[in-house]
Amino acid sequence: MSIEPRNIRISPSVIATDLTALGEQVQGFDPSVVDLLHIDVMDGNFVPNLTIGPGYIASLKKRTSIPLDVHLMIEAPERSIDRYIEIAPWALTVHYESTRFPARLLQAIRGAGIVAGLTINPATPVESVYDLLPWTDMVLIMSVDPGFYGQAFMEPALERIAKLSSFIRSGPRPETMIQVDGGINVRNIGDVVRAGADIIVAGNSAFSGGDVNARVAELKRLANEALPGA
Ligand code: DX5
Ligand code: ZN
């Protein structure tokens with residue numbers, strides 16, 4: 001079986017910008033550079049921080065053609081998943097630690113034609129997701145404890161990505177995507193890609209100063225340089 005060459009995508013995490021201005025700012029994002037928009041939903045319970053909900057995301061979707069990559073950091077997402085499914089984002093990702101019903105949630109997301117994402121915190125063993133892979137289109141490895149942007153990348157994430165990548169690539173669904181989120185910048189993005197990531201989330205490194213398109217283009221250039229055979 002041959003595996004297609006990897007297509008690296010960068011997903012800027014919008015909580016790292018001024019959310020009251022994002023509706024305007026997003027008009028200037030070049031869809032050929034900014035592949036996805038990563039939206040962090042935090043409920044002040046699963047994580048200490050509180051951000052935005054389905055109303056904001058539905059409004060943002062009307063202002064951009066860039067696919068929305070929604071990361072739910074909320075306790076018991078089964079209580080509100082229908083509100084997010086209605087929006088029809090590109091992906092909906094739920095935390096393994098936040099629910100007793102991950103398979104049911106993933107099936108509901110995939111059943112609506114949305115990429116079904118499952119994410120694990122840095123302290124959750126990678127093996128936790130193995131039995132859920134039949135229902136999972138994308139695994140998100142957190143490389144920081146969730147809750148805030150601008151935190152330092154946790155180095156053990158690299159081994160975790162590599163372990164998951166070799167399990168997935170040698171399994172029945174090698175196309176399952178691996179996303180990595182937290183503390184990724186121009187200095188470590190190459191290592192993250194070499195470990196096996198397909199989708200890179202970038203908060204601080206995409207938004208802190210300068211032009212977002214240029215920052216994302218630079219991250220993507222470095223990511224592509226790190227691909228095998230590049
Ligand atoms: C952390 C969030 C991340 C965060 C990434 O809880 O899930 O998406 O915004 O920001 P950086 O890249 O600055 O760590
Ligand atoms: Zn996130």
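A polar contact is a pair of N or O atoms within 3.5 Å; within protein, one must be able to donate a hydrogen and the other to accept it, and residues adjacent in sequence count only if both atoms are side-chain atoms. In this predicted model, local features need pLDDT of at least 70 and side-chain atom pairs count only at pLDDT 80 or more, while totals for chains, interfaces and linings use all residues. Residues are numbered from 1 along each chain as its sequence is written, chains are lettered from A and ligands numbered from 1 in the order in which they are written, and side-chain values use heavy atoms, with hydrogens and water left out.

- The side chain of S128 lies 2.7 Å from the backbone oxygen of P125.
- S128 has 19% relative accessibility and therefore counts as buried (under 20% relative accessible area, with exposed over 50% and partly exposed in between; 1.4 Å probe, protein chains only).
- The side chain of R160 reaches the backbone oxygen of N121 at 3.0 Å.

- H38 is buried, with a relative accessible area of 0%, and D181 is buried at 9% relative accessibility.
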